[in-house]
Amino acid sequence: MALAMGSVSAPPTARLSLAEYLAYSDGSDTRYELVAGELVPMALPTGRHVQIQKFLSQVFEAEIARQQLPWTTIQGGLGIQSPRGNRWDTVRIPDVVVLPLQQWQEMGSREALIRLEDPPPLLVVEVVSESSRAADYRAKRAEYCVLGIGEYWIVDPLEEKVSLLLLYEGWYDLLELKGSERVPSKVFVELELQAGEILAADSGYPSKSTGS
């Protein structure tokens, strides 16, 4: 996820509640994550960042359709309320989220937010940028683990690797993948997808057959 570093007008300095965050607008197109009550502006991502998001969304949707799974994929438009261990709320907006279709449809008349009391998403992907590196690898890893998100992908075009984190006995096991190494997803168990294909974001991939 790309976060701005002084590239937009400063948001309010006062900490916001979750309700205030959901109602907040500064009249611009800038989107914000909420981190311990503070607004963190999200910068425009690079073209490669966007292409990786789009590619994975297409791959996941193709696999969902092939297996006729009751799931859907949301690209950069869904917030996840995150536990931080204090009285101030945090809301993350992942690059790609896979969740049950019914859960998404239930948000049709309210904000697109998975709250703490809601079931966690099936899979979350963050694409690393220079400004988001620490949050993607450390803060979000801890938060998504506490939320019980079973699978978390960190796609890092800066280091040309994909980190697959699978929840096991309350913590994430880490597998770092490069080049032709297959991503052994537990959510999409039949998916034949290599780390290098993700980083190359080959838009032709979804037309390839997957599974057996």
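**Exercise 1. Is Arg92 buried or exposed, and which residue does its side chain meet in a salt bridge?**

Step 1. Arg92 has a relative accessible area of 3%, so it is buried (buried means under 20% relative accessible area, exposed over 50%, partly exposed in between, with a 1.4 Å probe and protein chains only).

Step 2. A word on the ground rules: this is a predicted model, where local features need pLDDT of at least 70, side-chain atom pairs count only at pLDDT 80 or more, and totals for chains, interfaces and linings use all residues. Residues are numbered from 1 along each chain as its sequence is written, and side-chain values use heavy atoms, without hydrogens and water.

Step 3. The partner is Glu33, at 3.5 Å from N to O (a salt bridge is a side-chain nitrogen of Lys or Arg within 4 Å of a carboxyl oxygen of Asp or Glu).

Step 4. Arg92 sits in strand E5 (residues 90-92) and Glu33 in strand E1 (residues 31-35), so distant parts of the chain, 59 residues apart, are linked (helices, H or I, have at least four residues and strands, E, at least two; both are DSSP runs numbered from the N terminus).

Step 5. Glu33 is buried too, with a relative accessible area of 0%.

**Exercise 2. Which elements does the salt bridge of Glu126 and Lys140 tie together?**

Step 1. Start with the contact: the two side chains, Glu126 and Lys140, come to 3.3 Å, N to O.

Step 2. Now place them: Glu126 belongs to strand E8 (residues 123-127) and Lys140 to helix H4 (residues 133-147), so parts 14 residues apart in sequence are tied together.

Step 3. Check burial: Glu126 is buried at 0%, and Lys140 is buried at 0% relative accessibility.

Step 4. Widen the view: a network of salt bridges links Glu33, Arg92, Glu126, Asp136, Lys140 and Glu143. The whole structure holds 17 salt bridges.

**Exercise 3. Where does H4 bend, and what follows this helix?**

Step 1. H4 bends by about 40 degrees at Lys140 (the bend is the angle between axes fitted to the seven residues ending there and the seven starting there).

Step 2. Compare lengths: the 15 residues of H4 should span 21 Å, and the end C-alpha atoms are 20 Å apart, which agrees (the expected span is 1.5 Å times one less than the number of residues).

Step 3. Among the buried residues of H4 are Asp136, Lys140, Glu143 and Leu147.

Step 4. After H4 comes Gly148, with a positive phi near 80 degrees.
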